[in-house]
Amino acid sequence: MVVYVLRRLALAVVTLFLLTLIVFAISNVLPQDVARAILGPFAPAESVAQLNKQLGTDQPLLVQYWRLLKGIITFDFGTSYQSGQPVTELIGQTLSNSAKLAILALLLTVPLGVVGGIAAALRKGRLADRVIVTLGLAGSAIPEFVTSTFLIFVLGLKLNVLPVLATWPEGSSIGTQAYYLLMPSLALVLVYFGYIARMARAGTIGALEADYTRTATMKGMTRAKVLRTHVLRNALLPTISVVATQTGYLFGGLLAVEVIFNVNGLGRLLVTAAKAKDLPVLSAGVLVIGTIYMVATLLADLLISYLNPRIRLAANA
Amino acid sequence: MTDPMIDPLHDNDSAAAAPVAVDPLAGSDPATAALHVENLEVDFLVRGIPRRVLRGVSFSVRPGESFGLVGESGCGKSTTAYSALGLLPDNGRVAAGRALIAGKDVTSMSSSDLRQVRLNDVSMVYQDPGAALNPTLKIGMQVAEAFTMLGASKAEARDRAFEALRRVRISDPRGVMERYPHQLSGGMQQRVVIAMALANDPKLLVLDEPTTGLDATVEAEVLDLVESLREDTGAAVLLIAHNLGVIRRICDRVGVMYAGKVVEQGRAAEVFDNPSHPYTVGLLRCLPRHGARKNDRRLDTIPGFLPQIGESLPTCVFVDRCPIATDLCRTDAPPVVALGADTSGARFARCHHIDKVAEIAPAGLLDGTDPGAREVEPILRLEGVNVTFHQNRRSIHALVDVNLDLRPGETLGLVGESGSGKTTLAKTILGIQQPDAGSRVVLDGVPLEGSTRKRPQDARRSIQIVFQNPDSALNRAQSVRAILSRALSKLTGITGNEADDRLEVLINHVRLTPRHLDLKPRQLSGGLKQRVAIGRAFAGDPRIVVCDEPTSALDVSVQAAILNLLADLQRDEQSSYVFISHDLGVVRYLSDRIAVLYLGRIMEVGPAADVFAGPHHPYTEALLSAVPSVDGAPETRIRLDGEVPSAAAPPPGCVFHTRCPRRLESGICETEVPPLVEVEPGHRMACHIPLEELRGLQAAETVQA
C-alpha cells in the first residue's frame, strides 16, 4: 500500500510538472509578445518594450519558466499586471470563497446523489426510479445560470427565505457564511445530483444483479443485510471517481454561479485575468485548480484501492 | 393427470408393450420429495407482454437422489431451477403450477418464509465461481457468514468455516480464509462456493452448470467432490448442465428439456444409452462420440431453431425440427408415454411415435480416406519458439522451445489446461504475439517476422483466425455484407463486381444465404454468427486457419453443424487448421495430429489416433481420464491433484512431475528434463518412462477398470 501511495504521488508530481509546461506554453509562448498583446496594436513600440522589460517577458523563455517553477515552490507568483496586488494574495482570497462553496455543494450533493441513486436502483423501473432519473437528467441538462435564476426567483424573491447574493457581512461566522452560500450551493446540487445519482444507480443495479448478491441471498440473508454487507461497497466504487472529477470543476469552473450570486471566487478571478491578459494570475490560478483536481483524483484512487482488494493487492505485488 | 390409455394409432404388433400414457409425477410424494415441481408454467414479461418460457414442467427429486436437467440453452433448465428457489428476475412470474422444496411450496410463500427455506433447506452453486464470490471480502468472512446466518457466534463461525473449507479438500484452508476471491484459481473458488452451499446441510443442492468454464482436470475434481459430499451429507442434487457427460457422471435420473417442457425422463444410463424422444436422439448424435473422425462420418445436426420464447406451441414442442413428425404431431398434443415395462412414470417420453425413433437416419458416412497427403513438405514450421512475458521483474515462460509443423490440409489439435500456452502459441503463429529472439516461424520455407504488421500481405492473408466468441469478434455496427466485403477487399484486393461474385461464393461456402447479408450480427443466432466469423477468416483463401475454441460458446447441435462446416471447408479448400479446444471429443473428431501442452512445453505430439489410443504421456492420460463420458465409459482413476504450477517458477526436471501420478521412484523426474523423443513413427513424447512400460501400466489400468 505504501509503495502504491508513493507511486501515485510521484505520478501526481509528474503530471503537475507537465501542467506547468502547458500553462507556460499557453501564457508565454502563444501570445509571442506579451506586452503587445496587453497594450494592443496601436501602442508605440517603446511602451511595449518597456512593459516587456517591466514584466520580465523580454528575458529568455528558460529564465521565465524557471521563474514560474521557483514561484510554485516559494508560493510567489509575482504581482498581478492588472491590480498590482501579489498574486498569492488574490488567489488566496478567492480560493477560500470557492472552497467554501465547493465543500458545501459537495456535502449536499454527494449524500443526496448516492442515496437517490441507490433508492432508484432498488425501485428500478418503478415510479420512484423514473422520477429520480428524470429529475437528475433534467438538472444536468439545464445550464447553471438558468437553474440559478430560477432559484433566485423562487427562493429569494417569491418566498424570500434565502439571501439572493452570497455577500455575507464582514466577520460572519461559518454558519452565517454557509447560509449565504446555500442558494448557489443548491444551484450546484441541481446540476451535479444527476451525475452522481446516475453513477450510484448504475453501480447498485450492477451489484444487485451480480452473482455474489444472489449467493448472499441464498445464504438466507435479509435484503437489508445483503445490501449492507455485499451490495453497497461494490456499488459505490465507480461513484467515487465521478465525485473526484467533479471536485475540480466545483473549485474553478463555476463562472456563471459566481457571477450570478456575486461570489468572489476563483472562476471569476480567472476569467477576468484571462480577459485582461493578466498572465501571472492566470497561470497561478490554473496551477492551483490543477493541483486540487489532482489531489481529489489521488484521494479517490486511494479510497478505491482501499475498498477494492483487487487493486490494492495488485499494487503491492 | 391423464388416465392411462392405449394409444389408438399404434398396433401392439411389436414385442414391446403398447404405449401407455403415464403421470410423470406418479410415485412422487410432494410432502417428502426434496424437490417436487408440478406443472410449472413461467412467463417472462417482455415489453409488457407475458411470454411463456416454461410450459408445464413436472419432475421430482427424491431425498438423497441426484437428478439432472439437460437441454440446449433457452430450453428452460435454469428458469426451472430459479423458479424453484424464488430467484426469478423481476420480469418473471409463475403463471401456474407449483414447486415444493422439502414439502414447502416456494411459489406461494412469503419472502420471510422463503428466506427460512434458503437458510435451512436448499443451497445453490453457480456456473461462474469467480462471480459468485464477493470480490471485496475475504474468503474466510464470506464462508463464516453462512454460519453466522445459522446462528453461530463470530468465533464459532470462523472455526466452522475452517472445517467447511477442509471438508471440500482445499489445500491450506487457514491461508485461503485470509485471501480474496481473485487470488484463488477457478477450481478453488468453486470449492469455496460449495463449502458455503453445504454450510446449512441442505436437503437440496442445486448445481447450475457447476463445471462449465473449468478445465477438464478441475471439472473431474469438482465432480468427484460433489459425489463424495453427496454420499456424506445425503443431500439431494438438482444438476443443470448442457454437458451430457457431466450429467451421466453425477445423476441417477435425468430429464431432457426442450422449449420449456420435459420431453423425456428416466434413469441417466437408460436415457443416454437408449434415447426414446427424437430430440434426445438428436442431441446425443450431435456429439462426436466413440472416437468419431471427420473422415469417417459427418456429425448429425438438429436442423432448424429453438422456438422463440413465448411462441404458441399447442401440440408437440419439437414438431418443427422433428425428423419423424406426422400430421398427428401437429394436431394432437403428444401423450406422456411410459417406456419399457415400468409404468410408474419413472421413464417416459412425450412423443406420438416412439416406435419410429429407431428409424431416424444418422448422418452420412464418409469413405474414411484421408485426403491430406502425408509426405509433403509442411506448410508451417515452428522452430525453437520461445515466448517470455516480463511482469514485475519476473520472467514468465509462456512457451518453451516449441517445435511443431503443420502440413497442407491437416488439422493440428492443441490440447492442455488453461495456462498451458495454447493461445499464446496460436497468437505467435498469427503474429499477434512476438516470440523471443531466435524463435522461427517458417511459412512455406520462408521465415516470418514476429509481428503481423511486418509480414508481407500474402503471409497475412494466408494465416487467419476464428475466435471463440463470435459476438465480440464481429463488429456489431456492420452488416454481414460489410463485414465479409471488407475482409474480401482487404485480404485479396478485389473490388467491384468481382468482389460481389466472390462474396456470393463465400457465403455459399459457409452455408449462409443472401438474405443473411443485410442483417447485423445481433440479428443472427450464435451458430450463424460463427459462420460469418468463419466466412471472414476464409475470405482471402487462407492456407492456415487458427480456430481458438470455435464451438465452446455454442450448443451441441450448433457445434455439430460448425464442425461439419469446418471439415467440409478443409476437404474442399485443402486448408490447414490449428485447432484449440478443451473438448477432447471435438479435438479428436477434427484433428489429424495432436500436440499436448503443459506449462508452455510440448509433452506429447503425434497422430491423433496414436495419442488417443495410447500409450499416452501421463499428462495426456490424466486429461483423457478426466473427461466425463456420455457413454458412461469405464471409470478410470487417474486424477491430477493440486494446481498447475506457476509459469514464473516452473518445477525443475520434468515440469509435470509435481502432479504426475506415474513419477519414477529413482528421482530422475525431479532433476532431469525428459527430451521430446520419437517413440513411434511420427509420435514424440517427453517422458522418462519407456514407451513399453507406459503401455504395460496403462493397459493394466484399463483391465482393472
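Biologist: Where in chain B does B:D172 lie?
Modeller: In the loop between helix 5 (154-167) and helix 6 (173-177) of chain B. Helices here are DSSP runs of H or I with at least four residues, strands are E runs of at least two, and both are numbered from the N terminus. This is a predicted model, where local features need pLDDT of at least 70, side-chain atom pairs count only at pLDDT 80 or more, and totals for chains, interfaces and linings use all residues. Residues are numbered from 1 along each chain as its sequence is written, and chains are lettered from A and ligands numbered from 1 in the order in which they are written.

Biologist: What is the phi of B:D172?
Modeller: Near 55 degrees, a positive value in a residue other than glycine. Most residues other than glycine have a negative phi.

Biologist: Is B:D172 buried or exposed?
Modeller: Exposed, because B:D172 has 11 C-beta neighbours inside 10 Å. The cut-offs: 20 or more other C-beta atoms within 10 Å of a residue's own make it buried, 12 or fewer make it exposed, and anything in between is partly exposed, with C-beta atoms placed from the backbone.

Biologist: What about B:D401, where is that found?
Modeller: B:D401 sits in strand 15 of chain B. Its phi is near 45 degrees, also a positive value in a residue other than glycine. B:D401 is partly exposed, with 16 other C-beta atoms within 10 Å.

Biologist: How many bridges join strand 17 to strand 18 of chain B?
Modeller: Two, and strand 17 (residues 440-443) runs antiparallel to strand 18. B:L443 is opposite B:V446 there.

Biologist: Changing topic. How is chain B divided into domains?
Modeller: Domain 1 is 20-112 + 206-213 + 235-359, domain 2 is 380-595 and domain 3 is 617-704. Such bounds come from an automatic or database domain assignment.

Biologist: How many residues of domain 2 are in contact with domain 3 in chain B?
Modeller: Nine residues of domain 2 are in contact with seven of domain 3. Contact means C-beta atoms, placed from the backbone, within 7 Å. Strand 15 (residues 394-406) gives the largest share of the domain 2 side, five residues. That side has four nonpolar, three polar and two charged residues. Nonpolar covers Ala, Val, Leu, Ile, Met, Phe, Trp, Tyr, Cys and Pro; charged covers Asp, Glu, Lys and Arg; the others, Gly among them, are polar. The C-alpha centres of domain 2 and domain 3 of chain B are 30 Å apart.

Biologist: And between the chains, how many residues does the contact take?
Modeller: 21 from chain B and 19 from chain A. On the chain B side, helix 2 (111-120), strand 7 (122-125), helix 3 (129-132) and helix 4 (139-149) each supply at least two residues. The chain B side divides into 12 nonpolar, five polar and four charged.

Biologist: What ipTM does the predictor give the complex?
Modeller: An ipTM of 0.80, with a pTM of 0.83. Chain B has a mean pLDDT of 86, and 93% of its residues reach 70 or more. pLDDT is the predictor's confidence in each residue, from 0 to 100. Over residues 1-17 of chain B it stays under 50.

Biologist: Back inside. How many residues of strand 4 of chain B are buried?
Modeller: Five of its five residues, 66-70. B:S66, B:G68 and B:V70 point one way, and B:F67 and B:L69 the other way.

Biologist: Which strands does strand 4 of chain B pair with?
Modeller: Its partners include strand 9 (residues 236-240), parallel over four bridges. Strand 10 (residues 253-258) also pairs with strand 4 in the parallel sense over four bridges. B:F67 is opposite B:L238 in strand 9. B:L69 has B:G255 in strand 10 as its bridge partner.

Biologist: How much of chain B as a whole counts as buried?
Modeller: 49% of its 705 residues. Chain B has 24 helices and 25 strands.

Notes. Contact = placed C-beta atoms within 7 Å. Pairing = 2+ DSSP bridges.
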